[in-house]
Amino acid sequence: MTDDEPRARFLALLREHQKIVLKVASVYARGAQDRNDLAQEIAVQLWRSFPRYDPERRFSTWMYRVALNVGISFARRERARDGRFEPLADPGDVAADSDEPDERLKQLHAVIAGLAELDRALIVLYLEERPHSEIAAILGISETNVATKLGRLKQRLRGRMT
């Protein structure tokens, strides 16, 4: 295998699944510049971790796990640097990126931005319609724990959205 083969394979997989990187960056970073920085940081970490990727497993599952870990670390660094908690996404920015200017969508993004890092990861994967088994693999928790946490999280979100 030449040196260019892993790089070409990685770039093809990254292009195929780039929405994962963009979605995680939009959930864990505020403002366009921070989202771009985080997306770039995720891509770098994916490349560094690529030699440890097991091709027997789904790439998207592995990619989510790496991307979410980088996103969570980014959010924690930002919060520590700020010395206080601030929502990580401006709901106006997120909604402006989508084709739906729906007020409820803006409200949902604002509520998600205020969640703890793990809860944010859980809800993003749920909204991506990932099966509980895949969410469990990505987050390193049991399927039962996924179901329990999702049930509680959906209940909290319903309460905040009404």
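**Pocket and helix packing**

Colleague: How much space lies in the second largest pocket?
Modeller: In this predicted model, the second largest pocket holds about 230 Å³ of space, where a pocket is an open set of points on a 1 Å grid over the protein atoms alone that fit a 1.4 Å probe, with protein on both sides within 12 Å along at least five of seven lines. Grid points are joined across faces, edges and corners, and the volume is the space filled by probe spheres set on them.

Colleague: What lines the second largest pocket?
Modeller: Its lining (residues with an atom within 4 Å of a point) consists of R52, Y53, D54, R57, R58, T61, W62, R65, E134, A137 and I138. The elements giving two or more residues to this lining are α4 (59-82) and α8 (132-139), helices here being DSSP runs of H or I with at least four residues, and strands runs of E with at least two, numbered from the N terminus.

Colleague: And by class, how do the residues of that lining divide?
Modeller: Six are charged, four nonpolar and one polar, with Asp, Glu, Lys and Arg counted as charged, Ala, Val, Leu, Ile, Met, Phe, Trp, Tyr, Cys and Pro as nonpolar, and the others, Gly among them, as polar.

Colleague: Before we go on, what counts in this model?
Modeller: Local features need pLDDT of at least 70 and side-chain atom pairs 80 or more, while totals for chains, interfaces and linings use all residues. Residues are numbered from 1 along each chain as its sequence is written, and side-chain values use heavy atoms, leaving out hydrogens and water.

Colleague: Now α8, at what angle does it cross α9?
Modeller: The axes of α8 and α9 (residues 143-161) cross at roughly 100° and come within 8 Å, the axes being lines fitted to C-alpha atoms over the stretch in contact, with angles from 0 to 180 degrees between N-to-C directions. α8 is therefore roughly perpendicular to α9, a label for 65 to 115 degrees, with under 35 roughly parallel, over 145 roughly antiparallel and the rest oblique.

Colleague: Which residues make the contact?
Modeller: H132, S133, I135 and A136 of α8 meet E143, V146, A147 and L150 of α9, contact meaning heavy atoms within 4.5 Å.

Colleague: How do α2 and α3 pack?
Modeller: Helix α2 and helix α3 (residues 31-49) have axes 8 Å apart at about 130°, and they are therefore oblique to each other. V21, V24, A25, S26 and Y28 in α2 meet R35, L38, A39, I42 and L46 in α3, and by class this contact has eight nonpolar, one polar and one charged residues.
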